[in-house]
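Please keep the sequence and the model open beside this note while reading the points below.

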Amino acid sequence: MTALVRLKSDTNSLDIGQDHFTGLEKEFPRIRFVFPGSRKEFTDLLPEADLVISWEFKAEWYGKAPGLKAVYTPAAGADWVEQDPSGRVPVFHGAFHGPLMSETLLGLILYFNSRYDILKENQSQHVWDRNAAGDKSLLSEQHVLIIGYGRIGSHCGKTLRSAGCSVTGLQRKNKDGVDQSTGVRYAAFSAINEELQKADHVVLLLPNTPETRHIITRDHLSCMKSGAFLYNLGRGSTVAEEDLVWALEQKVIAGAGLDVFEQEPLSPSSKLWDFPNVVILPHISAGYRAYGVLFVSELKTRLQQFLA
Ligand SMILES: NC(=O)c1ccc[n+]([C@@H]2O[C@H](COP(=O)([O-])OP(=O)(O)OC[C@H]3O[C@@H](n4cnc5c(N)ncnc54)[C@H](OP(=O)(O)O)[C@@H]3O)[C@@H](O)[C@H]2O)c1
């Protein structure tokens, strides 16, 4: 059985090399792991592939791989590995990002809640102002709304609850309820306008799909409580960049922590770079030195299930 592995990335923490597979090669002697050096070599080998383990897979490649039985990818989002148009080959996405993204989100919320944005700006101007962050409140007095309360959103909810916040998560499928294990309240996406009015921090963790493109509008941003902050760790396509710029210029939102953008990399000419109350992350909220170890550990379980 042949598994084609192509997990190269320009981002060091996401570059999962052959060395990560030593344990799997011993664990699964029936599987021959092959590491094509280039994209061309990878696509040339597709006719022999039983399994693919990759950051990327194009819809048209399924036709070149008649023996393909499954595709495994570290990515949680469905952007880089396209679905099989025939529906024959299942795709398994990484499901280990929750703890990584939760810490990034918690850091951003603490940053804005402590008004480090204002204090950093004062520092750059050599201003000693002990009133700059004096109106800060505790996380236990803060309410967070997570829009896209899926696998990652629910982990973020659990982390924020343990930090003292109250949390509501919006999903499409579930109506009102409370997650008994964490105390996170959940509601349907249709309640978004009234939920936006209650939150001190609004977190977007939505996927990139035709339905979610620009799903968050200026009207939604206008519903946000005065002084509330916005975070986008899901996908940039869910809110138009010009609407974010508008909301910041009009002070409709107090600030934003942004990891994902409509155009990536973010253009050097984007206005978003220059707001003192915006933190720009280069799509690295899941970055972690042992990212490859987490992926391979999850893959081991999935390969055991596949062979069983
Ligand atoms: N920034 C990064 O580095 C990074 C890393 C990993 C993932 N991500 C992004 O995070 C996203 C979420 O990942 P996940 O693993 O948590 O996915 P997930 O478990 O599928 O959760 C997605 C959530 O979005 C909701 N949703 C989907 N389509 C919607 C729509 N049209 N309207 C309203 N709600 C909708 C889903 O509601 P239902 O459950 O009701 O369907 C669910 O609550 C990924 O798709 C990816 O794009 C980003």
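1. A polar contact here is a pair of N or O atoms within 3.5 Å; within protein, one must be able to donate a hydrogen and the other to accept it, and residues adjacent in sequence count only if both atoms are side-chain atoms. With that in mind, a polar side-chain atom of R235 lies 3.3 Å from an oxygen atom of the ligand, while an N or O atom in the side chain of R172 is 2.7 Å from a ligand oxygen. I152 takes part through its backbone, where an N or O atom lies 2.8 Å from an oxygen atom of the ligand.

2. The model is predicted, with local features needing pLDDT of at least 70 and side-chain atom pairs counting only at pLDDT 80 or more, whereas totals for chains, interfaces and linings use all residues. Residues are numbered from 1 along each chain as its sequence is written, and side-chain values use heavy atoms, leaving out hydrogens and water.

3. Around the ligand there are 26 residues, the closest being R151, I152, R172, K173 and D259, where a residue is near if one of its heavy atoms lies within 4 Å.

4. Turning to the helices, helix 3 (residues 98-113) packs against helix 5 (residues 151-162) at an angle of about 50 degrees, and their axes are 8 Å apart. Axes are lines fitted to C-alpha atoms, for helices over the stretch in contact, and angles run from 0 to 180 degrees between N-to-C directions; helices (H or I, at least four residues) and strands (E, at least two) are DSSP runs numbered from the N terminus.

5. Two backbone details deserve a look. The peptide bond from E264 to P265 is cis, with omega near 0 degrees, and P265 sits in the loop between strand 12 (255-258) and strand 13 (278-280).
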